[in-house]
Amino acid sequence: MAHTRIRPFNTKVTYPEQNLDNDLCQAVVAGNMVFLRGQIGQDLDTRESVGKGDVAAQTEQAMYNIKMLLEESGSKLEDICKITVYLTDVRYRETVYNIMGRWLKGVFPVSTGLMITSLARPEWWVEIDVIAVKS
């Protein structure tokens, strides 16, 4: 079975300040399953960070990216089965989960939340990872 790779990129371009060289993509479609790369407060077209110092703005951008990538993959928010949320501070939990809840009203995915020390860049405070099954 061939997998469809959505928005391939190399980490040399995405993280020029870091010594990386990995070929990745934003989403993989394997049969009827869609696996998204963890989404953060970053504009996928410009690679610019969005919402520096504002976890609500970062979460909105991450959810916007998730919706866009699912649609590019032939899927939709309602097809989400599993979400994993990474937060750099437990005080962001209520804000992040309320925003996610608004985007995912009536979807009922399973969810795992983790508190971590940091993400790939210090200005990113939330990352949301998604698995969906196309209906």
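This is a predicted model: local features need pLDDT of at least 70, side-chain atom pairs count only at pLDDT 80 or more; totals for chains, interfaces and linings use all residues.
Turning to overall dimensions, the C-alpha trace spans about 40 × 40 × 20 Å along its principal axes. A compact globule of 135 residues would have a radius of gyration near 14 Å, and because the protein chain has 14 Å, the two agree. Of the contacts with a separation of 6 or more, 68% are between residues 24 or more positions apart.

Now to the interior, where buried residues make up 41% of the 135 residues. In soluble globular proteins, nonpolar side chains tend to be buried together. Here the largest nonpolar core has 27 residues, and among those with the most contacts inside it are L36, I66, I80, I83 and I128. Which elements give two or more residues to this core? They are strands 2, 3, 4 and 6, together with helices 2 and 3, and helix 2 provides the largest share, with 7 residues.

Let me stay with I83 for a moment: leaving aside its neighbours within four places in sequence, I83 is in contact with several residues, including M100, L104, P109, V110, I128 and V130.

Finally, there is the largest pocket, which holds about 160 Å³ of space. Its lining includes Y15, L20, R37, I40, W124 and E127, and the lining residues divide into 6 nonpolar, 2 polar and 2 charged.

Key
Residues are numbered from 1 along each chain as its sequence is written. Side-chain values use heavy atoms; hydrogens and water are left out. On a 1 Å grid over the protein atoms alone, a cavity is a set of points where a 1.4 Å probe fits but cannot get out, and a pocket is an open set with protein on both sides within 12 Å along at least five of seven lines; lining residues have an atom within 4 Å of a point. Grid points are joined across faces, edges and corners, and a volume is the space filled by probe spheres set on the points. Ala, Val, Leu, Ile, Met, Phe, Trp, Tyr, Cys and Pro count as nonpolar, Asp, Glu, Lys and Arg as charged, and the others, Gly among them, as polar. A nonpolar core is a set of buried Ala, Val, Leu, Ile, Met, Phe, Trp, Tyr and Cys residues joined through side-chain atoms within 4.5 Å. Buried means under 20% relative accessible area, exposed over 50%, partly exposed in between (1.4 Å probe, protein chains only). Helices (H or I, at least four residues) and strands (E, at least two) are DSSP runs, numbered from the N terminus. Contact means heavy atoms within 4.5 Å. The radius of gyration is taken over C-alpha atoms; the globule rule is 2.2 Å times the number of residues to the power 0.38.
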